[in-house]
Amino acid sequence: MMRRATLGVVMALGLVLGACASEVPPTPHVACPTEPPTRVSAQATLLDARYAAFTISGAASGEFTVELYGSQAPLATANFVALARCGFYDGIKFHRVLAGFVIQAGDPETREHDGDFDGIGAGGPGYAFEIESPADDLAYVPYSVSMANNGIANGSQFFIAVADLTDGLSRDYTIFGQVISGTDVIDAIATVAVNDPLIGVPVDPVFID
């Protein structure tokens with residue numbers, strides 16, 4: 001399911017350290033990681049990283065905030081935090097929008113390519129890491145945030161459920177967060193026009209700013 005990423009949204013992503021705030025300056029960029037997190041390095045990365053604040057523009061626009069599940073999914077969360085802090089997600093588009101199912105982003109190739117290009121949904125950070133089974137107390141509820149994977153390992157792509165997928169999605173995708181504000185923005189992204197309802201590439205892009 002998650003091998004193909006087809007969302008076109010412009011969005012800006014900044015880490016909210018410590019507590020959630022409505023006005024959050026962008027996190028200063030640092031060097032992007034070149035290798036996956038370890039159990040030890042994840043602990044340091046996750047210190048005070050409790051929320052991620054997104055700004056979106058394009059065919060849908062606005063802001064939303066994700067509460068991060070560092071204790072339940074330390075590798076996936078630490079990887080997401082490290083990539084967000086270095087600006088990896090800036091300018092990436094949502095490349096997969098499936099109404100009533102998910103919206104997906106995180107393919108860096110969508111910065112340079114528009115529409116349904118060859119290889120869409122295959123891009124990543126240049127490394128892969130272990131798929132963590134979802135914690136027992138977490139489920140694919142509406143607005144949950146999970147890692148996409150290729151069936152073997154995670155990378156940089158993630159998806160947000162726009163329906164309750166608890167009974168319809170196999171527990172093969174690490175749940176690492178939950179949208180706690182701005183769900184109307186998620187709903188707006190989920191209803192943008194797409195090239196095909198089964199493929200889901202937005203006709204007009206939606207970006208992570």
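**Cross-links in a predicted chain**

Let me begin with C32 and C86, which form a disulfide with their sulfur atoms 1.9 Å apart, where a disulfide is a pair of cysteine sulfur atoms within 2.5 Å. Please keep in mind that this is a predicted model, in which local features need pLDDT of at least 70 and side-chain atom pairs count only at pLDDT 80 or more, while totals for chains, interfaces and linings use all residues. Residues are numbered from 1 along each chain as its sequence is written, and side-chain values use heavy atoms, with hydrogens and water left out.

Returning to the cysteines, the structure holds 1 disulfide, and the link of C32 and C86 is right-handed, with 85° about the S-S bond. C32 lies in the loop between strand 1 (10-17) and helix 1 (39-45), and C86 in the loop between helix 2 (74-85) and strand 4 (94-98), so the pair ties together parts that are 54 residues apart in sequence. Helices (H or I, at least four residues) and strands (E, at least two) are DSSP runs here, numbered from the N terminus. C32 is partly exposed, with a relative accessible area of 34%, whereas C86 counts as buried at 8%; buried means under 20% relative accessible area, exposed means over 50%, and partly exposed is in between, with a 1.4 Å probe and protein chains only.

Now to the charged side chains. How many salt bridges does a search of the whole structure find? The search finds 3, a salt bridge being a side-chain nitrogen of Lys or Arg within 4 Å of a carboxyl oxygen of Asp or Glu.

With R39 in helix 1 and E132 in the loop between strand 5 and strand 6, the pair ties together parts that are 93 residues apart in sequence. E132 counts as buried, at 6% relative accessibility, and R39, E130 and E132 are linked in a network of salt bridges.

There is also a salt bridge between D114 and K93, whose closest N and O atoms are 2.3 Å apart. This pair links distant parts of the chain, with D114 in the loop between strand 5 and strand 6 and K93 in the loop between helix 2 and strand 4, 21 residues apart.

I will finish with two residues in strands. S146 lies in strand 6 (residues 144-149) and is buried, with a relative accessible area of 0%. Not counting residues up to four places away in sequence, S146 touches Y140, F158, F159, Y173, T174, I175 and F176, where contact means heavy atoms within 4.5 Å. I56, for its part, is found in strand 2 (residues 49-58) and is buried at 2% relative accessible area. The C-alpha atoms of I56 and V185 are separated by 8.3 Å, although these residues are 129 residues apart along the chain.
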